[in-house]
Amino acid sequence: MQKLTTEQKRLKGTLQPCRTNDNEPTPQPGTPIMPKELSKSAKVYWPIVIGHLDTMGTLAVADQYAIAGLCSALGDMRDARKQLVARGGALTYMTVTGAWQAYPELILIDKADKRILSWVTKLGLSPADRSKVSSLKDKPVDEDFGFLN
């Protein structure tokens, strides 16, 4: 199970002041800049992921490289799937010794899928992770009794 951030615990209502770090850095809300080193395939996913996080109210400038990691994994999976389709869609081939073997793209897809799951979880984009966090975006907070919400 992934450890929740202090902000996630506060939003969820499970924050215990005795267990918090008073000096914990708070990320600046906002849209991070897309890293130049992203592949062409990864750049396709950048605005999509940014849009999801912005809509959820969890977008922070400090998440630049986490978002880049997710976009890179999505781009890698896309490229590997395109290569499989270019081969005719077959998943295996017969080696010179007569044994059946999976195309290398399947390994790339499997590894990209695991990376995607990891980043999606860390960014709160999976259904299970969304249920653990709520956003205060567009919700007024009563300064005196906001903790009761």
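The face of helix 4 that points away from its buried side carries Ile107, Lys111, Lys114 and Leu117, which are exposed (over 50% relative accessible area; buried means under 20%, partly exposed in between, with a 1.4 Å probe and protein chains only). The model is a predicted one, in which local features need pLDDT of at least 70, side-chain atom pairs count only at pLDDT 80 or more, and totals for chains, interfaces and linings use all residues. Residues are numbered from 1 along each chain as its sequence is written, and side-chain values use heavy atoms, with hydrogens and water left out.

On the buried side of helix 4 sit Glu105, Ile109, Ala112, Ile116 and Val120. Viewed down the helix axis, these buried residues fall within an arc of 70 degrees, so they line one face of helix 4; the arc is that of the directions from the axis to the C-beta atoms. Their packing partners are helix 3 (64-86) and helix 5 (127-130).

Helix 4 itself covers residues 104-122, 19 residues in total, and reaches 28 Å from its first C-alpha to its last, close to the expected 27 Å (1.5 Å times one less than the number of residues). Just after helix 4, Gly124 adopts a positive phi of about 75 degrees.

Of the 149 residues of the protein, 27% count as buried.

Notes
Helix = DSSP H or I, 4+ residues; strand = E, 2+ residues; numbered from the N terminus. Contact = heavy atoms within 4.5 Å.
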